Amino acid sequence: MNRLISMMLGGTLLLGVALGASLAIAKPDAKPGAGPPAPSANASAAPVGPKSIQLPAIASELPPGPGRETAAVACVICHSPRYITGQPAFGRAVWVAEVDKMRKVYGAPIQEAQVAEIVDYLVAIRGTEAPPAP
Ligand code: HEC
């Protein structure tokens, strides 16, 4: 019972504080019969109007280079080239494994004979090492 009373008291006290606070905030504008506040009262609100944002530059096309056409046909039938261009630079072994995964796990229809050309291209555009001499 004591607990209930103290909860009620606490609630009333909170309500009083909230009311007091809102009255205190409302007071400067509260002139009797003044009607709604003038538009200048909103001057501190966020400005309304067009805004501009800066988007990161992510290539949406495969960059030029030897093997690009083969890679474009082999790799872009299932997903956007951004899956490739959005990757950081990897070593050759990682790209070999990646192409292997696309073929064996996801069923990419890539001939064994095309793999070297595609890997060379991937290493050239997103590799940590220079492509092998032609
Ligand atoms: C048969 C469809 C298919 C083909 C063809 C294909 N991929 Fe993928 N690839 C996928 C799928 C499915 C995922 C996973 C998508 C996801 O997790 O959202 C993926 C994801 C990726 C990723 C993201 C990393 C990862 O391992 O999940 C890379 C990089 C990638 N592919 C590269 C390639 C390259 C390079 C080729 C060409 C050699 C290729 N893909 C061809 C289906 C394919």
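**Metal site and pocket**

Mentor: His79 counts as partly exposed, because its relative accessibility is 22% (buried is under 20%, exposed over 50%, partly exposed in between; 1.4 Å probe, protein chains only).

Trainee: What kind of model is this, and how is it numbered?
Mentor: It is a predicted model, numbered from 1 along each chain, where local features need pLDDT of at least 70 and side-chain atom pairs pLDDT 80 or more, while totals for chains, interfaces and linings use all residues. Side-chain values use heavy atoms, without hydrogens or water.

Trainee: Which residues coordinate the iron atom of the ligand?
Mentor: His79 through NE2 and Met102 through SD, at 2.0 to 2.2 Å (donors are N, O and S atoms within 2.8 Å of the metal, 3.2 Å for Na, K and Ca).

Trainee: Where do the two sit in the chain?
Mentor: His79 is in the loop between helix H2 (68-75) and helix H3 (82-85), and Met102 is in helix H4 (residues 92-104), 23 residues apart. Helices are DSSP runs of H or I, at least four residues.

Trainee: New topic: how much space is in the largest pocket?
Mentor: About 300 Å³, the space filled by probe spheres set on the grid points. A pocket is an open set of points on a 1 Å grid with protein on both sides within 12 Å along at least five of seven lines, and lining residues have an atom within 4 Å of a point.

Trainee: Which residues are nearest its centre?
Mentor: Of 17 lining residues, His79, Tyr83, Ile84, Glu98 and Met102.

Trainee: Which helix gives the most to that lining?
Mentor: H4, with four residues.

Definitions and conventions:
1 Å grid on protein atoms, 1.4 Å probe; cavity = no way out; pocket = protein on both sides within 12 Å on 5 of 7 lines; lining within 4 Å.
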